[in-house]
Protein chains: 2
Amino acid sequence: MDDDAVFKALADASRRQLLDRLYERNGQTLGALCADLDMTRQAVAKHLVILEEANLVSTARQGREKLHFINPVPINGIAERWINKFEQRQLGMLSALKKALEDEGDA
Amino acid sequence: MDDDAVFKALADASRRQLLDRLYERNGQTLGALCADLDMTRQAVAKHLVILEEANLVSTARQGREKLHFINPVPINGIAERWINKFEQRQLGMLSALKKALEDEGDA
DNA sequence: CATATAGGCAACCAAATGGTTGCGTGTCAA
DNA sequence: TTGACACGCAACCATTTGGTTGCCTATATG
């Protein structure tokens with residue numbers, strides 16, 4: 001998995017919104033995803049390409065329609081491989097910070 | 001918590017690298033974080049500001065040094081509030097995708 | 001066939017981003 | 001006090017990004 005592509009894809013609020021919409025109703029067409037989105041169809045299409053390239057969205061052609069499906073695997077990957085790394089030591093980190101702030105308070 | 005700031009802060013590989021370095025050794029100074037980083041001190045400083053504004057890094061002044069501490073709370077926030085949302089339905093999503101691909105295969 | 005509908009491609013543009021250089025400020029130590 | 005050291009601030013620059021418009025292709029449907 002390409003961590004960087006996934007993080008960059010998730011960095012944009014419009015793209016997160018698209019994922020939210022696909023979460024609510026999976027397998028939508030480009031046209032459906034454009035509805036009420038205050039963006040041109042082409043802008044949405046570009047976002048979907050970025051999500052596809054990050055493997056966050058998979059597509060299936062059906063006639064002249066292209067259905068979009070959310071793919072939670074890369075998100076899982078981040079959560080497991082990168083984020084949990086920090087959770088592990090969370091308490092240790094917080095107490096280290098607290099101590100440092102106290103030391104600074106003394107000075 | 002400002003989701004957007006956190007996602008944008010995490011979107012840059014240099015900033016993730018800085019977090020990795022702080023994970024390895026917490027409480028480093030700007031100078032220490034610059035070492036071997038093939039970037040000017042000012043560039044690193046800018047990244048640290050962004051991490052600070054996203055509340056991913058906390059700082060404590062100590063004399064003329066500024067110590068940087070990783071803060072795992074916002075990462076936790078994302079993992080819990082946003083990412084788990086997708087994990088929940090992971091199996092359902094994957095089976096829906098599989099079915100759609102099969103349908104497309106028939107056409 | 002003719003035409004509407006769903007989507008793809010490419011050029012273009014403004015603003016944000018990631019980086020630089022140059023210089024100023026505060027703190028420690030000889 | 002004088003200089004070295006750690007950092008902050010600001011201007012500037014190239015590239016990326018998010019968006020637009022215009023036009024083209026492909027699939028349905030009268």
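Visitor: Which helices of chain A and chain B each supply at least two residues of the surface near DNA strand D?
Guide: They are helix H2 (13-24) and helix H4 (41-53) of chain A, together with helix H3 (30-34) and helix H4 (41-53) of chain B, where helices (H or I, at least four residues) and strands (E, at least two) are DSSP runs numbered from the N terminus. This is a predicted model, in which local features need pLDDT of at least 70 and side-chain atom pairs count only at pLDDT 80 or more, while totals for chains, interfaces and linings use all residues. Residues are numbered from 1 along each chain as its sequence is written, chains are lettered from A and ligands numbered from 1 in the order in which they are written, and side-chain values use heavy atoms, with hydrogens and water left out.

Visitor: What makes a residue count as near DNA strand D, and which are the closest?
Guide: A residue is near a strand if one of its heavy atoms lies within 4 Å of it. The surroundings of DNA strand D comprise 19 residues, the closest being Thr40(A), Lys46(A), His47(A), Gly31(B) and Arg41(B), and H4(A) gives the most to this surface, with four residues.

Visitor: How are the residues of that surface divided into nonpolar, polar and charged?
Guide: Ala, Val, Leu, Ile, Met, Phe, Trp, Tyr, Cys and Pro count as nonpolar, Asp, Glu, Lys and Arg as charged, and the others, Gly among them, as polar. The surface near DNA strand D then divides into three nonpolar, eight polar and eight charged residues.

Visitor: Why is the pair of His47(A) and DNA strand D called a polar contact?
Guide: A polar contact is a pair of N or O atoms within 3.5 Å (within protein, one must be able to donate a hydrogen and the other to accept it, and residues adjacent in sequence count only if both atoms are side-chain atoms). A polar side-chain atom of His47(A) lies 2.2 Å from a phosphate oxygen of DNA strand D, so the pair meets the limit.

Visitor: Why is Arg16(B) called buried, and Asp4(A) partly exposed?
Guide: Buried means under 20% relative accessible area, exposed over 50%, and partly exposed in between (1.4 Å probe, protein chains only). Arg16(B) has 8% and is therefore buried, whereas Asp4(A), with 22%, is partly exposed.

Visitor: What is the count of disulfides over all chains?
Guide: A disulfide is a pair of cysteine sulfur atoms within 2.5 Å, and by this rule the count is zero. As for accessibility, Cys34(A) is buried at 13%, and Cys34(B) is buried at 14%.
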